[in-house]
Amino acid sequence: TAEVEANAVVWGSGQTHLMTGVKKPYTELIDVTWGDPQGAGLKPLTFARQVLAACLYPKLLNNERLPADVRQRAEGLLHECHGGSVGSYTDLPGIPQVARQISEFISRRDGGVPSDPDHILISPGGGGGGVRSGVLTPQPSYSLSVMSVVGLGGVPVPYQLWEEQGWEVQVEELNRALEAAEGECDPVALYVINPGNPSGHVQRRKSIQDVIKFASEKRLFLLADEVYQDCIYKENIEFLSYKRVLAEMGPPFCDTVELASFHSASKGLLGECGFRGGYVELVNMDPAVMKHVFTIFSKDNAPTPGQIALSVMASPPQPGDPSYPLYRTVNNVRKVHEVLNSLPGVSSHPVEGGAFAFPRIDLPPKAIQKAKDLGMEPDIFYCLRLLEDAGLFFTPGCEYGQKDGTYHVRYAKKRFHVEYKDLNTKIKQYYFSLAGFAS
C-alpha cells in the first residue's frame, strides 16, 4: 500500500543516512512495526530448536547430551515421516502425530471439549478462491487479512470496534455493517481477532456469545483468528476460544454455527515466524464441503519444520520432563499503556493480550494541516517525523482502519525485552519534536 511504501522509503533513507555519516539525533533505527521477536534478537526456545535439530540430523538421537524427552519427541516425529526423513513429503494435510497433538492441545485448552484431528488442517498460510462474497472485518484489523479477502475475490465489510469501551465488539455495529453491505456484496462470513491485532483487546465470554448468536441469526460463517491466545497479560483475564464458548452454549448453537479457528507457531510464546506453520480447526462444516476444503489445502502443505514447530507448541515439556525447567517462560511484557499515557497527546487502553498496542494520538491542528498540504494522512506524517527525529519506526493507524477523525499508531511491544527502557525514553524525549515542528 501507499502507506507502507512511504514508511519503507523513509526507513531506507534513514539507514542510508546513518551508513553514509549524515548527522542524525540518533545512532540506530529501532523498528517496532513487526511482531517478529527473533528478528529483534530474542533467542528461540531451546526445546524447540533441539527437537528440530535432532529431526534434521538424526545422528543426534544417539547423543546423550540431548535431554531424553527431546530425543523421544524427535524419534516419534521421524517415525511418521516417510523414510524416517523430514526431507520427504508428509501425509496430507500434515504429519498425523502433529494433528493428534494439536487436537489434544485444543481439548485441554477448551476444558475437555472434544476435538477431531481429522478436522484439523495444517498449512503455511492462505489459499483458495471465490466470488464477490462479503466478509465482515473489524476496524482496526490485521491489514494482511483484509488484503487476503480482497486477493481471493471477496469484499471486506468493515465494522468498527468500540474504542471507548476498550475495543469491544458491538452487535449494533455488526448489524449496521451488514445493512451497509446490502447491494454491494453477499456477506457470508464474520472475521474476528481475539486477542485483538492491533488493539490488544481480549474478548469476554458474554461478548463471544453475542457474536455467536449474531452469526447464527444471520447465517454467517465465523472465522476466529486466535493466534495470540498464549499472550495474555492482564490479571484476572482468561482467554476463551470461540470453539469452547460455542460448545458450552449448547443447542441449537453448538451443532449449527460453522466455525474456523486459526492458530500459528509464528505467534505467541514460540515465536518461530520463519518456519511458517499454522493450523485451522473446522467446526460444524458439511462433510461434502470439508472434502473440498481438504483438496484445496493439499495443494499447499506446510513445510515439515513448520509442522515440527507446531508439535512443540501444542505439546510442550511438562513438569517432570528433563526439558521443563529450561522451557518455562517468564512474561516480561511491561505495561506499555502507562508509558504511552504519560506522553502529552497520547492515550492507550490497558493492553490485555496480543503482541501490539494501538494508542490514539491527538495531533496539533497545524500538524494535521501540514500533512494535508503534503498530501498524506496525518498519522503517516506523525510516523515519518518520529522516524526522522527519533529513529523510531512505527506503523500509522490508517493501515489498519480507524474511525474518521481519529489517529493511531501500532507499537509491537513484544519485540524489545532488552531495549524497552531505552525505547520508551526515546519516545518521551522526542515526542515534543512534532509539537515544536507544528507550532
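Colleague: Which residues in α8 are buried?

Modeller: In α8, the buried residues are Y242, K243, R244, V245, L246 and M249; buried means under 20% relative accessible area, exposed over 50% and partly exposed in between, with a 1.4 Å probe and protein chains only. The helix spans residues 242-249, and six of its eight residues are buried. Helices are DSSP runs of H or I with at least four residues, strands are runs of E with at least two, and both are numbered from the N terminus. This is a predicted model: local features need pLDDT of at least 70, side-chain atom pairs count only at pLDDT 80 or more, and totals for chains, interfaces and linings use all residues. Residues are numbered from 1 along each chain as its sequence is written, and side-chain values use heavy atoms, leaving out hydrogens and water.

Colleague: What covers the buried residues of α8?

Modeller: The cover includes helices α4 (96-109) and α7 (205-218), together with strands β5 (186-193), β6 (221-225), β7 (259-264) and β8 (278-283).

Colleague: And what follows α8?

Modeller: G250 does, with a positive phi near 75 degrees.

Colleague: New topic: why does I308 count as buried?

Modeller: I308 counts as buried because its relative accessibility is 2%. I308 lies in helix α10, residues 304-314.

Colleague: Which residues does I308 touch?

Modeller: Leaving aside residues up to four places away in sequence, I308 touches V51, L52, C55, L77 and V86; a contact means heavy atoms within 4.5 Å. I308 and C55 are 253 residues apart in sequence, with their C-alpha atoms 8.6 Å apart in space.
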